[in-house]
Amino acid sequence: MENKAIEKKFKTPIIIVSLLIPIVVALLFSVKLKDFGIEVEPLSFLPPIYASINGITALLLIFAVRAIKNGNRSLHEKLMTSAIACSIVFLVMYVAYHMTSESTKFGGEGIIRYVYFFILITHIALSVIIIPLVLFTYVRALSEQFDRHKKLAKITFPLWLYVAVTGVIVYLMIAPYYVN
């Protein structure tokens, strides 16, 4: 019973964070520092870095699942904590880039344009949905509710992996259109 109390304690903060992150990111996405008289060079070097962080996140997730399937709970916990840290670093870099740089338009035509926008839209939608899933999954592990953790992780893992991998794919598809 005490373990469920831990999850209950974190429920409201997780919901608040899960709502605030997408709202703040959307707002900051439209804010340009130069609009406030802050002259900053565009951080055009960031997209390949944060795309790589998405790739690292995907690998961490895969290795974490392998670790727990092999009974190595300690390694699993470290890998999952690292995946969350990578996601936070990604988010900071992503916002910093968009606050200093104009958005890049995808220049592909024909079927590839539809493929790109399908991947982009599903990536964005799932990146919002994954926030509370990751946080609740993590809290269930920390509170040692392993049956409930495992049940939610079976949903969280593939969605988070999809977000991480499609982040790399979106970058690779739009990279030729970046203006340096």
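In the protein chain, residues 24 or more positions apart account for 80% of the contacts that have a separation of 6 or more. The model is predicted, and its chain contains five helices and zero strands, so that from the N terminus on the order of elements reads α-α-α-α-α. The C-alpha trace spans about 55 × 35 × 25 Å along its principal axes, and 35% of the 180 residues count as buried.

**Helix α2**

- Helix α2 covers residues 46–69, which makes 24 residues, and its first and last C-alpha atoms lie 35 Å apart, close to the 34 Å expected at 1.5 Å a residue.
- The buried residues of α2 are Leu46, Pro47, Tyr50, Ala51, Ile53, Asn54, Thr57, Ala58, Leu60, Leu61, Ala64 and Ala67.
- An α-helix has 3.6 residues a turn, so residues three or four places apart point the same way.
- The cover over the buried residues of α2 includes α3, residues 73–100, and α5, residues 146–174.
- After α2 comes glycine 71, whose phi is positive, near 80°.

**Packing of α2 against α5**

- The axes of α2 and α5 come within 8 Å of each other and cross at roughly 150°; the two helices are therefore roughly antiparallel, since angles over 145 degrees are classed in that way.
- The crossing of α2 and α5 is left-handed.
- On the α2 side the contact involves Pro47, Pro48, Ala51, Asn54, Gly55, Thr57, Ala58, Leu61, Ile62 and Val65, and these meet Phe157, Trp160, Leu161, Ala164, Val165, Gly167, Val168 and Tyr171 in α5.
- Sorted by class, the residues in this contact of α2 with α5 are 14 nonpolar, four polar and no charged ones.

**Asparagine 54**

- Asparagine 54 is found in helix α2, and with a relative accessible area of 9% it is buried, because the cut-off for a buried residue is under 20%.
- When its neighbours within four places in sequence are left aside, asparagine 54 is in contact with Phe90, Ala164, Gly167 and Val168; among these, Ala164, Gly167 and Val168 also belong to the α5 residues that α2 meets.

**Other helix pairs**

- Helices α4 and α5 pack at an angle of about 150°, with their axes 7 Å apart, and their crossing is left-handed.
- By class, the contact of α4 with α5 has 24 nonpolar, eight polar and two charged residues.
- The axes of α1 and α3 come within 8 Å and cross at roughly 25°, and these two helices are therefore roughly parallel to each other, an angle under 35 degrees being what that term requires.
- Ile21, Val25, Leu28 and Phe29 of α1 make this contact with Leu91, Tyr94, Val95, His98 and Met99 of α3.
- The contact of α1 with α3 comprises eight nonpolar residues, one polar residue and no charged residues.

**The loop between α1 and α2**

- Valine 31 lies in the loop between α1 and α2, where its relative accessibility of 22% means that it counts as partly exposed.
- Apart from neighbours within four places in sequence, valine 31 is in contact with Phe36, His98 and Met99; His98 and Met99 are also among the α3 residues in the contact with α1.
- Valine 31 and histidine 98 are 67 residues apart along the chain, while their C-alpha atoms are separated by 8.0 Å.
- Phenylalanine 45 has its place in the loop between α1, residues 2–30, and α2, and at 48% relative accessibility phenylalanine 45 counts as partly exposed.
- Phenylalanine 45 and tyrosine 97 stand 52 residues apart in sequence, and in space they are 8.5 Å apart from C-alpha to C-alpha.

**The loop between α4 and α5**

- Glutamate 144 is placed in the loop between α4, residues 111–142, and α5.
- Although it is not a glycine, glutamate 144 has a positive phi of about 60°.
- Glutamate 144 is partly exposed, with a relative accessible area of 49%.

Methods
Residues numbered from 1 in each chain as written. Predicted model: local features only at pLDDT ≥ 70, side-chain atom pairs only at ≥ 80, totals over all residues. Heavy atoms only, no water. Helix = DSSP H or I, 4+ residues; strand = E, 2+ residues; numbered from the N terminus. Expected span 1.5 Å × (residues − 1). Buried < 20%, exposed > 50% of the residue type's maximum accessible area, 1.4 Å probe, protein only. Contact = heavy atoms within 4.5 Å. Axes fitted to C-alpha atoms, helices over the stretch in contact; angles between N-to-C directions. Parallel < 35°, antiparallel > 145°, perpendicular 65-115°, else oblique. Left-handed = near helix turned anticlockwise from the far one by under 90°. Nonpolar A, V, L, I, M, F, W, Y, C, P; charged D, E, K, R; others polar.
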